[in-house]
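I have kept to what can be checked against the coordinates.

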Amino acid sequence: MTSDKKEKKRNRIPIRFLDNVGKKDPSENTKPDDVERMDLDNDEERLSDEPDDDLLPAETDEFSQSAEVSAPDPGASAWGPEMAELVATRSELKRVEAENEELKDRIARRQAEFENYRKRVDRERTETYNHVVADVAKKLLPVIDNLKRALDTEASVESSESDEFRHFLSGVDLIYKQLNGVIEGLGVKAIASVGEPFNPHLHEAVVTEATDEYEPDTVMQELVAGYRLGDKLIRPAMVKVAKRG
């Protein structure tokens with residue numbers, strides 16, 4: 001039996017697989033069958049470990065997306081300081097706006113106070129000026145009154161007077177007109193009287209006379225001229241007033 005087995009073994013024809021084309025003859029391989037099976041198993045494991053070409057792109061995209069999600073944000077480390085700076089800037093802006101509003105309100109109050117001060121100063125200046133002018137006019141008005149009386153009296157003198165005297169009257173009349181021009185330049189104006197309705201705020205009735213020539217309560221004659229400075233009465237006019245006859 002032993003010789004028959006040996007004969008069969010010698011007559012065995014070696015089989016070549018297609019995967020082994022171009023390689024050495026398997027008959028020359030002295031490996032045992034177990035070693036050959038282990039090599040085949042290892043080849044299959046290596047093939048199973050290689051990635052499938054159809055699944056590789058999808059898996060790669062999924063991996064890249066997961067990498068993008070899990071990748072740390074480069075500005076995340078600076079977000080804290082930037083937020084703190086933004087909060088500080090907003091706080092500073094609110095403070096500046098509040099200070100600006102306060103300054104505007106203060107400037108508006110200062111302008112109002114200055115405007116009131118300017119008006120008060122102008123009013124006081126005007127009142128002081130009017131007071132001084134009124135005092136000066138009160139001192140000059142008696143002189144003007146006397147010159148006018150002198151001119152009115154001399155006007156009734158007959159023309160038999162000498163030329164020298166008439167020249168003297170002309171000089172007095174010139175002085176009277178100059179004084180009137182001075183007080184008018186100061187703003188002092190004479191009060192209209194004759195023919196005007198009697199006004200107790202401007203006129204002082206010294207004499208009343210019944211007449212049909214004038215309407216009742218009408219000024220017939222001005223005895224002493226009255227003057228005023230603007231709305232301020234310096235002296236009322238002394239007049240004769242008509243009454244019903």
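**Note on the predicted model**

1. The second largest pocket holds about 180 Å³ of space. A pocket here is an open set of points on a 1 Å grid over the protein atoms alone, where a 1.4 Å probe fits and with protein on both sides within 12 Å along at least five of seven lines, and lining residues have an atom within 4 Å of a point. Grid points are joined across faces, edges and corners, and the volume is the space filled by probe spheres set on the points.

2. This is a predicted model, in which local features need pLDDT of at least 70 and side-chain atom pairs count only at pLDDT 80 or more, while totals for chains, interfaces and linings use all residues. Residues are numbered from 1 along each chain as its sequence is written, and side-chain values use heavy atoms, with hydrogens and water left out.

3. The lining of the second largest pocket consists of Asp145, Lys148, Arg149, Asp152, Glu222, Leu223, Val224 and Ala225. Helix H4 (76-155) and strand S3 (219-224) each contribute at least two of the lining residues, and H4 gives the most, with 4 residues. By class, the lining has 3 nonpolar, no polar and 5 charged residues, where Ala, Val, Leu, Ile, Met, Phe, Trp, Tyr, Cys and Pro count as nonpolar, Asp, Glu, Lys and Arg as charged, and the others, Gly among them, as polar.

4. Which residues does aspartate 145 touch, not counting residues up to four places away in sequence? They are Val224 and Arg235, with contact meaning heavy atoms within 4.5 Å. Aspartate 145 is found in helix H4 and is one of the residues lining the second largest pocket. Its relative accessible area is 10%, so aspartate 145 counts as buried; the cut-offs are under 20% for buried, over 50% for exposed and in between for partly exposed (1.4 Å probe, protein chains only).

5. On the overall layout, the protein chain has 5 helices and 6 strands, running α-α-α-α-α-β-β-β-β-β-β from the N terminus on. Helices (H or I, at least four residues) and strands (E, at least two) are DSSP runs, numbered from the N terminus. Buried residues make up 14% of the 245 residues, and of the contacts between residues at least 6 apart in sequence, 62% join residues at least 24 apart.

6. In soluble globular proteins, nonpolar side chains tend to be buried together. Here the largest nonpolar core has 15 residues, of which Leu141, Ile144, Ile183, Val188, Tyr227 and Ile234 touch the most other members. H4, helix H5 (163-185) and strand S4 (227-229) each supply at least two residues of this core, and the largest share, 7 residues, comes from H4. Such a core is a set of buried Ala, Val, Leu, Ile, Met, Phe, Trp, Tyr and Cys residues joined through side-chain atoms within 4.5 Å. Leaving aside neighbours within four places in sequence, isoleucine 144 is in contact with Tyr176, Leu179, Asn180, Ile183 and Tyr227.

7. Alanine 137, also in helix H4, is buried, since its relative accessible area is 1%. Not counting residues up to four places away in sequence, alanine 137 touches Val188 and Ile234, and its C-alpha atom is separated by 9.6 Å from that of arginine 228, 91 residues apart along the chain. Valine 136, which has its place in helix H4, is partly exposed because its relative accessible area is 35%; the C-alpha atoms of valine 136 and isoleucine 183, 47 residues apart along the chain, are separated by 8.8 Å.

8. Finally, a backbone detail to look at is aspartate 217, which has a positive phi of about 60 degrees although it is not a glycine. Aspartate 217 lies in the loop between strand S2 (203-210) and S3 and counts as exposed because its relative accessibility is 51%.
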